[in-house]
Amino acid sequence: MKLKKMGIVVAAMAFAVFTLCSLTACGPSPEDTIREAITDEFDGYKNADDSVIQQIAQSAEKQGISQYGIENEEFATMVLDGFDYSINSIEVDGNSATANLTIVSKSSAAFKEKLTESINAISQNPELASMTDDQKMELISEAITNSFKDIETVSEDVSIEYAYTDSDGKKIWVPVNSGTALGSLDSVVFAQTA
């Protein structure tokens with residue numbers, strides 16, 4: 001299903017942006033530097049910033065979401081609905097650090113389950129054979145939209161590892177495993193298939 005692939009693209013984009021958001025470590029403490037990078041990254045998701053909406057909308061466009069009558073930006077807004085995060089701790093040990101976060105997001109597994117149920121119900125509708133293609137697409141669009149509306153958020157803990165490393169002659173804190181760590185969550189924002 002095309003929606004599964006969207007999660008992989010979103011997680012990859014999050015990793016790329018997260019890596020770019022790493023800041024130089026001269027001045028503030030390592031903890032403050034990492035906290036600022038995390039805040040800069042995740043506030044974009046929490047506040048549904050235009051840049052994040054556009055990232056997800058581009059991913060949705062590549063997956064063909066608009067063929068179901070859902071605008072890509074509308075889909076991105078549904079993906080981000082209910083997203084929140086908290087930084088629980090940042091532990092620095094020499095040139096490595098671990099940031100422990102809690103991510104709150106709609107459940108990818110629950111969304112897929114709800115969408116599958118809705119699509120199955122549509123396929124068993126005796127009136128389906130007499131419907132036009134536009135009417136069928138409208139039913140699918142409603143199924144996608146209602147699936148997002150009907151699922152609750154889940155709260156998951158994640159640890160992101162950092163390394164203090166040289167980059168173009170500057171020492172910076174760089175996330176080492178953010179793509180993998182975020183991709184392992186049940187978050188519809190960062191979901192990826194195994």
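The crossing of helices H4 and H6 is left-handed, meaning that the near helix is turned anticlockwise from the far one by less than a right angle (clockwise would be right-handed). The model is predicted: local features need pLDDT of at least 70, side-chain atom pairs count only at pLDDT 80 or more, and totals for chains, interfaces and linings use all residues. Residues are numbered from 1 along each chain as its sequence is written, and side-chain values use heavy atoms, with hydrogens and water left out.

Helices (H or I, at least four residues) and strands (E, at least two) are DSSP runs, numbered from the N terminus. Two packed helices are described by the angle between their axes and the distance between the axes. Axes are lines fitted to C-alpha atoms, for helices over the stretch in contact, and angles run from 0 to 180 degrees between N-to-C directions. H4 spans residues 72-80 and H6 spans residues 133-150. Their axes lie 9 Å apart, at an angle of about 25°. H4 is therefore roughly parallel to H6 (angles under 35 degrees). Phe75, Met78 and Val79 of H4 meet Ile144, Thr145 and Phe148 of H6. This contact of H4 with H6 has 5 nonpolar residues, 1 polar and no charged. Ala, Val, Leu, Ile, Met, Phe, Trp, Tyr, Cys and Pro count as nonpolar, Asp, Glu, Lys and Arg as charged, and the others, Gly among them, as polar.

Thr145 belongs to helix H6. Thr145 is buried, at a relative accessible area of 14% (buried means under 20%, with a 1.4 Å probe and protein chains only). Beyond its neighbours within four places in sequence, Thr145 is in contact with Ile70 and Met78 (heavy atoms within 4.5 Å). Thr145 and Met78 are 67 residues apart in sequence, yet 7.8 Å apart in space, C-alpha to C-alpha.

H4 also meets helix H3 (residues 50-63). The axes of H3 and H4 come within 8 Å and cross at roughly 115°. This crossing is right-handed. The contact of H3 with H4 holds 9 nonpolar, 3 polar and 2 charged residues.

The strands come next. Strand E1 (residues 84-93) pairs with E2 in the antiparallel sense over 9 bridges (pairing requires at least two DSSP bridges). Asp84 stands opposite Val104 in E2. The hairpin of E1 and E2 has 2 residues between the strands, and Gly94 there takes a positive phi near 65°. E2 also runs antiparallel to strand E3 (residues 153-167), joined by 11 bridges. Here Asn100 stands opposite Ser159 in E3. In E2 (residues 96-106), 9 of the 11 residues are buried, so the strand is largely enclosed by the rest of the structure.

Notes
Parallel < 35°, antiparallel > 145°, perpendicular 65-115°, else oblique. Buried < 20%, exposed > 50% of the residue type's maximum accessible area, 1.4 Å probe, protein only.
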